[in-house]
Amino acid sequence: MNSPIHAPSSSASSSSCSSSHVLHPPPCLTHASRNLKYPLLLPQTICTSQKKYRCFGAHIEASFNTNPLKNYKSFRSSPWWSETQSLVSNQSLNKQLFSVGSLATSTSQDVSDTTRIGDDKIGVLLLNLGGPETLEDVQPFLFNLFADPDIIRLPRIFSFLQKPLAQFVSVVRAPKSKEGYASIGGGSPLRRMTDAQAEELRKSLWGKNVPAKVYVGMRYWHPFTEEAIEQIKRDGITKLVVLPLYPQFSISTSGSSLRLLENIFREDEYLVNMQHTVIPSWYQREGYIKAMANLIEKELKSFDSPDEVMIFFSAHGVPLAYVEEAGDPYKVEMEECVDLIMEELETRKITNPYTLAYQSRVGPVEWLRPYTDETIIELGKKGVKSLLAVPISFVSEHIETLEEIDVEYKELALESGIQNWGRVPALGCEPTFISDLADAVIESLPYVGALAASDLEARQSLVPLGSVEELLAAYDTQRKELPPPVIVWEWGWTKSAETWNGRVAMLAVLLLLFFEVTTDKGLLHQFGIWPSLR
């Protein structure tokens with residue numbers, strides 16, 4: 001499959017740089033459906049650039065030093081207002097709009113001064129994947145990863161095999177994974193870097209007059225989300241902002257962490273009564289976009305001919321069925337994110353060609369295309385000589401950046417005829433990025449427990465701020481069984497045949513696991529790989 005190569009438009013105000021996909025301008029205000037008691041006016045994607053976007057049929061200036069009442073009047077003049085006027089009274093809407101001015105990012109002082117904390121104890125929970133800190137941690141970490149039904153989704157009839165399958169896969173993959181972690185120092189630096197981000201975020205919040213505590217909750221390794229929640233309870237936090245460290249939302253990342261939080265919240269009386277809100281994604285924020293552009297601009301200068309460098313965005317992939325069948329917004333958000341970064345670079349007179357591909361696929365099923373490895377080979381064949389890799393979905397260095405990109409893809413690029421290789425570092429504690437995360441937290445505070453959106457329409461492409469349950473109602477609420485990625489059999493040595501071969505192999509693995517679980521006579525037991533369950 002040919003990967004699209006984009007050349008930025010001549011105008012920096014262009015909202016799309018490619019004809020290969022249609023990208024929509026980020027909304028200034030969002031609402032879920034006409035079934036709501038009142039429209040949602042929540043700041044997940046409040047415009048954070050000095051541009052005009054068409055929101056509900058009206059142009060709203062995304063300038064954050066303007067009077068919010070002016071924006072409110074512009075909003076009232078739109079056709080959308082007349083459609084919802086019968087659903088909400090002027091008094092009710094005025095009440096809900098009280099803090100729009102404080103939610104729009106301007107200066108740090110402006111944001112902080114409009115936030116009222118009172119006697120509340122504010123907490124921020126950063127969610128991330130987690131990673132093994134030592135080589136001994138690799139196999140149990142992989143088990144936790146593959147035991148998550150949001151990572152490997154088995155048909156319901158085989159759901160009882162989730163953990164046995166996770167055990168089998170983790171044991172099989174552990175040796176190769178250990179080699180990868182050994183090559184980057186013997187473990188993942190993700191916890192250390194996430195702790196550093198949490199500390200810098202805490203300092204930034206205190207510098208903006210918000211004395212909040214920041215916690216780190218990992219999905220698959222220490223400190224686990226459950227550990228962070230226990231500390232939050234011990235500290236007596238009354239208002240919590242949940243901030244996944246994934247710029248773009250996906251069922252398999254933010255969604256998995258939110259589903260775990262949902263289960264924890266439902267079982268704990270303290271958490272049921274604690275007000276909270278979730279920032280589901282933040283890829284459109286001005287600070288994030290500028291921080292990414294800063295890093296790209298800096299790395300381009302390291303090339304002898306910066307103008308000739310292909311900017312290569314590499315994002316973590318997800319199974320195609322997540323997007324096409326389960327409504328995962330990840331692909332759309334990723335493409336919008338890339339275009340916004342390129343628009344920012346255009347304002348700096350940087351008009352390099354660019355492309356986007358997806359890495360880290362696992363298993364026989366179809367994942368988002370184009371694939372990173374195939375795209376690198378294709379670019380080499382097209383005569384590209386200079387390539388700058390940009391890890392677009394990662395805010396911290398870990399195995400996918402330090403080993404997969406820096407080692408595997410670099411070697412592949414050089415073998416494919418690409419002579420000059422560079423890589424943009426992950427954001428880490430980049431000051432602009434951290435400051436913008438702090439602003440995102442501050443902007444969300446007026447909405448902690450303020451609005452209910454129980455009728456949030458499922459599969460909405462962009463979800464505003466809301467509670468855990470509200471967001472899960474919008475993404476994959478029914479947890480439908482994902483359909484097979486290939487429906488029609490094709491004879492011969494084809495991609496379809498390869499996929500079906502993979503399914504047959506998976507069925508064989510399931511049968512093997514069933515035999516291992518029900519007896520102690522299987523091969524894995526004999527070799528001591530599978531512990532006896534009796």
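Visitor: Why is Asp406 called partly exposed?

Guide: In this predicted model, Asp406 has a relative accessibility of 27%. Buried would require under 20% and exposed over 50%, so Asp406 at 27% counts as partly exposed.

Visitor: What makes Asp406 and Arg423 a salt bridge?

Guide: The closest N and O atoms of Asp406 and Arg423 are 2.8 Å apart. The limit is 4 Å between a side-chain nitrogen of Lys or Arg and a carboxyl oxygen of Asp or Glu, so the pair qualifies. The pair links distant parts of the chain, with Asp406 in helix H16 and Arg423 in strand S11 (residues 420-423), 17 residues apart.

Visitor: Is Arg423 buried or exposed, and how do you know?

Guide: Arg423 has a relative accessible area of 14%. Because the cut-off for buried is under 20%, Arg423 is buried.

Visitor: Why is the contact between Lys213 and Asp235 called a salt bridge?

Guide: The N to O distance between their side chains is 3.9 Å. That value is within the 4 Å limit, so the pair is a salt bridge. Lys213 is in strand S5 (residues 213-218), while Asp235 is in the loop between helix H9 (225-234) and strand S6 (239-244), 22 residues apart.

Visitor: Which terms describe the accessibility of Lys213 and of Asp235?

Guide: Lys213, at 43%, is partly exposed. Asp235, at 19%, is under the 20% cut-off and therefore counts as buried.

Visitor: How do you know that Lys290 and Glu344 meet in a salt bridge?

Guide: Their side chains have an N to O distance of 3.4 Å, and the definition asks for a distance within 4 Å. Lys290 lies in helix H12 (residues 286-300) and Glu344 in helix H14 (residues 330-347), so the pair ties together parts that are 54 residues apart in sequence. Lys290 is partly exposed at 29%, whereas Glu344 is buried at 15%.

Visitor: What makes Lys290, Glu297, Glu344 and Arg348 one network?

Guide: These residues are joined by salt bridges that share partners. A search of the whole structure finds 24 salt bridges.

Visitor: Why is Ser393 called buried?

Guide: Ser393 has a relative accessible area of 11%. Buried means under 20%, so Ser393 is buried. Ser393 lies in the loop between strand S10 (386-391) and helix H16 (399-415). Leaving out residues up to four places away in sequence, Ser393 touches several residues, including Pro247, Gln248, Tyr330 and Met334.

Visitor: What does the side chain of Ser393 reach?

Guide: The side chain of Ser393 reaches the backbone nitrogen of His316 at 2.9 Å.

Notes:
Residues are numbered from 1 along each chain as its sequence is written. This is a predicted model: local features need pLDDT of at least 70, side-chain atom pairs count only at pLDDT 80 or more; totals for chains, interfaces and linings use all residues. Side-chain values use heavy atoms; hydrogens and water are left out. Helices (H or I, at least four residues) and strands (E, at least two) are DSSP runs, numbered from the N terminus. Buried means under 20% relative accessible area, exposed over 50%, partly exposed in between (1.4 Å probe, protein chains only). A polar contact is a pair of N or O atoms within 3.5 Å; within protein, one must be able to donate a hydrogen and the other to accept it, and residues adjacent in sequence count only if both atoms are side-chain atoms. Contact means heavy atoms within 4.5 Å.
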